Amino acid sequence: MKREINTEIVSGMIGLILTAVFFFALEDVLWMSLVFPKTMVYVLGIIACILVLKGAVKPSRNPVFNVGSNVRWIVTGILFFTWVLIMPVFGFFVSTVVFMTIIVGYLAQARTQLTIGKFMVWIPVVIGEVTLFYLIFTKVLYVPLPTGMFF
């Protein structure tokens with residue numbers, strides 16, 4: 001199904017909803033680690049407001065869901081939702097490594113033939129990236145990440 005909608009207003013409204021959700025979720029964050037998440041929430045809110053204003057001042061209608069595979073973006077959304085659900089159980093690091101490995105394999109198979117050799121190269125890259133982000137958030141930005149059975 002191909003529909004044309006004002007994508008700027010729709011994406012701006014989704015951004016404002018996410019801003020509200022994240023803003024109220026900040027109440028549980030310690031004050032010492034609040035600077036980075038609070039800044040990101042404000043930036044998200046400002047960008048969402050700009051998108052809504054741009055869509056209202058200069059409206060344009062663009063087709064949505066006309067590029068790529070609809071099945072692929074639905075599966076990707078389900079994978080992201082599952083990742084958020086399992087993160088409190090297994091912890092940020094383990095759940096993110098598993099999620100990133102699965103989604104890299106899933107999205108890559110759309111363009112290339114998957115082989116064990118390619119997968120064995122991607123896994124250390126995924127582990128390295130997740131480790132880098134984990135260390136940045138926990139050691140530099142002091143943002144507490146979900147911990148589960150593991151770290």
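Predicted model: local features only at pLDDT ≥ 70, side-chain atom pairs only at ≥ 80, totals over all residues.
How much space lies in the largest pocket? The legends below take up this point first.

View 1. Residues are numbered from 1 along each chain as its sequence is written, and side-chain values use heavy atoms, with hydrogens and water left out. The largest pocket holds about 840 Å³ of space. A pocket is an open set of points on a 1 Å grid over the protein atoms alone, where a 1.4 Å probe fits, with protein on both sides within 12 Å along at least five of seven lines; lining residues have an atom within 4 Å of a point. The volume is the space filled by probe spheres set on the points, which are joined across faces, edges and corners. Lining the largest pocket are 21 residues, of which Phe22, Val143, Pro144, Leu145 and Pro146 are the closest to its centre.

**View 2. Composition of the pocket lining.** Helix 1 (7-25), helix 2 (35-57) and helix 3 (70-90) are the elements that each give two or more residues to the lining of the largest pocket; helices here are DSSP runs (H or I, at least four residues), numbered from the N terminus. Helix 2 gives the most, with five residues. The lining comprises 20 nonpolar residues, no polar residue and one charged residue (nonpolar: Ala, Val, Leu, Ile, Met, Phe, Trp, Tyr, Cys and Pro; charged: Asp, Glu, Lys and Arg; polar: the others, Gly among them).

**View 3. The buried side of helix 1.** Helix 1 has 19 residues and reaches 27 Å from its first C-alpha to its last, close to the 27 Å expected at 1.5 Å a residue (1.5 Å times one less than the number of residues). Its buried residues are Glu8, Gly12, Gly15 and Thr19 (buried, under 20% relative accessible area; exposed, over 50%; partly exposed, in between; 1.4 Å probe, protein chains only). These residues lie on the same side of helix 1 because they cover an arc of only 60 degrees around the axis, taken from the directions from the helix axis to the C-beta atoms. Helix 2 is included in what covers them. Exposed Ile17 and Phe24 are carried on the face turned away from the buried side of helix 1.

**View 4. Serine 95 and phenylalanine 90.** Serine 95, in helix 4 (residues 92-108), is buried at a relative accessible area of 1%. Not counting residues up to four places away in sequence, serine 95 touches Trp83, Ile86, Met87 and Phe90 (contact: heavy atoms within 4.5 Å). Phenylalanine 90 belongs to helix 3 and is partly exposed, at 29% relative accessibility.
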